[in-house]
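Biologist: I'm new to this one. Please walk me through it.

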Amino acid sequence: MRTVEHTRQGAAAQVLTLEERPRPPAPGAGEVLVRMLVRPVHLGDLVGVEGLPGAPEQYAQARTPGVEGMGVVESAGANVQGLRPGQRVAVFPVPGTWSDAVVVPAGLAVPVPDGVSDETAALMLVNPLTLSMLYRAAESALRGRKGPVLQTAAGSSLGRLVAAAAVRHELQLINLVRSTAGARRMRALYPSFPTVATCDDDWRDQVRGHGGEQGVHVVLDSVGGALTQDLTELLADGGTLISYGRLGSGTTSLESLPLVARELTVRGVNVLRWLSRTPEERTQDVAFALDLAQSTPDLFEVADRYDLADFKTAVEHARRPAKSGTVLLTTPRSTDSGRRAA
Ligand SMILES: NC(=O)c1ccc[n+]([C@@H]2O[C@H](COP(=O)([O-])OP(=O)(O)OC[C@H]3O[C@@H](n4cnc5c(N)ncnc54)[C@H](OP(=O)(O)O)[C@@H]3O)[C@@H](O)[C@H]2O)c1
């Protein structure tokens with residue numbers, strides 16, 4: 001079977017290679033073997049390839065990127081209930097989905113309802129589950145208030161989910177993007193929320209104009225870096241910055257932030273820690289993701305799709321400015337390259 005691998009951290013185009021490997025062994029008790037068909041290229045996948053503070057620069061064993069995707073159950077081990085060969089499933093969090101096949105704990109394989117397309121299924125866990133976690137974090141920081149909430153990189157796939165949730169829950173949201181064109185797109189999609197572009201010199205004043213005198217109570221931030229300083233200045237006293245990504249450049253030192261003087265809170269949210277939630281919370285989160293995939297598939301926009309072997313082009317596309325939606329990596333269903341290459 002084909003698998004994308006790397007043995008050291010570095011630029012994805014340089015360190016990732018396509019390899020032929022033996023198929024995984026038969027699934028053990030409580031596991032299923034999934035023939036993968038579609039998986040996203042998340043920006044977070046690329047962080048894993050290019051380097052995380054504390055991660056080893058060189059891996060003892062080859063590592064395959066990807067944590068989510070959809071495929072078809074090929075075989076099930078002992079004690080697996082509710083999953084049968086041929087059934088479509090979405091999987092998360094499963095390391096190594098940029099492969100033609102993976103062995104998955106049965107509890108992490110979610111049956112895909114009829115009517116949900118393969119592409120939507122491949123995208124229906126990471127971002128909706130992150131949205132659930134972000135929403136809970138924001139709700140707890142807002143303490144009953146409806147906002148104002150400022151979100152950065154608002155035009156991202158996740159930012160659009162946040163905006164849809166804000167409409168549904170009547171939150172007072174301010175969208176921040178980096179370009180005039182991005183602001184135009186976001187205003188067309190969500191006209192009820194103000195959108196501000198950081199390319200405008202007076203963007204901070206524009207946010208203050210929309211957020212009111214006190215400032216915003218919560219910032220949902222996936223940009224970070226040098227922008228963190230500005231974002232904390234836009235917070236109301238006692239406000240909370242929720243960090244969940246690192247798209248920007250530069251740094252802001254913790255000591256430079258008025259955390260003590262203004263009683264600000266900074267906290268992180270990471271969907272890779274989703275398994276630490278209670279089983280009841282996880283069941284609720286998955287039900288929410290399934291509902292979103294069935295009721296609003298438009299929220300799962302696909303930027304383009306590439307064969308797994310074209311992963312370098314796919315990675316370049318995933319990074320392209322003004323891209324709209326998520327890039328997918330596919331394995332042809334009909335030719336079954338995974339099985340043939342075994
Ligand atoms: N913590 C978690 O658990 C978690 C889970 C999922 C995603 N995330 C993070 O959420 C973020 C969005 O992910 P996504 O998959 O929704 O992204 P996406 O659909 O690929 O969109 C990327 C967005 O980021 C914007 N952007 C890129 N570089 C930027 C910069 N330097 N400054 C400001 N904006 C920038 C782009 O704006 P343009 O349109 O102007 O190019 C685009 O709107 C990423 O940081 C991702 O890692 C975190």
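Modeller: Start with helices H4 and H5, which pass each other in a right-handed crossing. Helices (H or I, at least four residues) and strands (E, at least two) are DSSP runs, numbered from the N terminus. This is a predicted model, where local features need pLDDT of at least 70 and side-chain atom pairs pLDDT 80 or more, while totals for chains, interfaces and linings use all residues. Residues are numbered from 1 along each chain as its sequence is written, and side-chain values use heavy atoms, without hydrogens and water.

Biologist: At what angle do the axes of H4 and H5 cross?

Modeller: Roughly 50 degrees, and the axes of H4 and H5 (residues 157-168) come within 10 Å. That makes H4 oblique to H5. Axes are lines fitted to C-alpha atoms, for helices over the stretch in contact, with angles from 0 to 180 degrees between N-to-C directions. Under 35 degrees is roughly parallel, over 145 roughly antiparallel, 65 to 115 roughly perpendicular, and the rest oblique.

Biologist: Which residues in H4 and H5 meet?

Modeller: From H4, Asn127, Pro128, Thr130, Leu131 and Leu134; from H5, Ser157, Leu158, Leu161, Val162 and Ala165. Contact means heavy atoms within 4.5 Å. By class, the H4 contact with H5 has 7 nonpolar, 3 polar and no charged residues. Ala, Val, Leu, Ile, Met, Phe, Trp, Tyr, Cys and Pro count as nonpolar, Asp, Glu, Lys and Arg as charged, and the others, Gly among them, as polar.

Biologist: How do H4 and H9 cross?

Modeller: Their axes come within 9 Å and cross at roughly 120 degrees. That makes H4 oblique to H9. H4 spans residues 126-142 and H9 spans residues 279-295. The crossing of H4 and H9 is right-handed. Pro128, Leu129, Leu131, Ser132 and Arg136 in H4 meet Gln284, Asp285, Val286, Phe288, Ala289 and Leu292 in H9. That contact of H4 with H9 has 7 nonpolar, 2 polar and 2 charged residues.

Biologist: And H7 with H8, what is the packing angle?

Modeller: About 30 degrees, with the axes of H7 (residues 203-211) and H8 (residues 227-234) 11 Å apart. H7 and H8 are therefore roughly parallel to each other. H7 passes H8 in a right-handed crossing. Trp203, Arg204, Val207 and Arg208 in H7 meet Leu227, Asp230 and Leu234 in H8. The H7 contact with H8 has 4 nonpolar, no polar and 3 charged residues.

Biologist: New topic. What does the domain assignment give?

Modeller: Domain 1 is 2-124 + 300-340, and domain 2 is 127-272. The bounds come from an automatic or database domain assignment. The two domain centres, taken over C-alpha atoms, are separated by 30 Å. Domain 1 puts 13 residues into the contact and domain 2 puts in 10 residues.

Biologist: How much area is buried between domain 1 and domain 2?

Modeller: About 820 Å², and carbon and sulfur atoms give 57% of it. Buried area is the accessible area (1.4 Å probe) that two parts lose on being put together, summed over both.

Biologist: Backbone now. Is the bond from Phe92 to Pro93 cis or trans?

Modeller: The bond from Phe92 to Pro93 is cis, with omega near -10 degrees. Pro93 sits in the loop between strands E6 (88-91) and E7 (101-105). The peptide bond from Gly147 to Pro148 is also cis, with omega near 0 degrees. Pro148 is in the loop between H4 and strand E9 (149-151).

Biologist: What about phi at Glu170?

Modeller: Glu170 is not a glycine, yet its phi is positive, about 55 degrees. Glu170 lies in the loop between H5 and strand E10 (173-177). Most residues other than glycine have a negative phi, and most peptide bonds are trans.

How values were computed:
Left-handed = near helix turned anticlockwise from the far one by under 90°.
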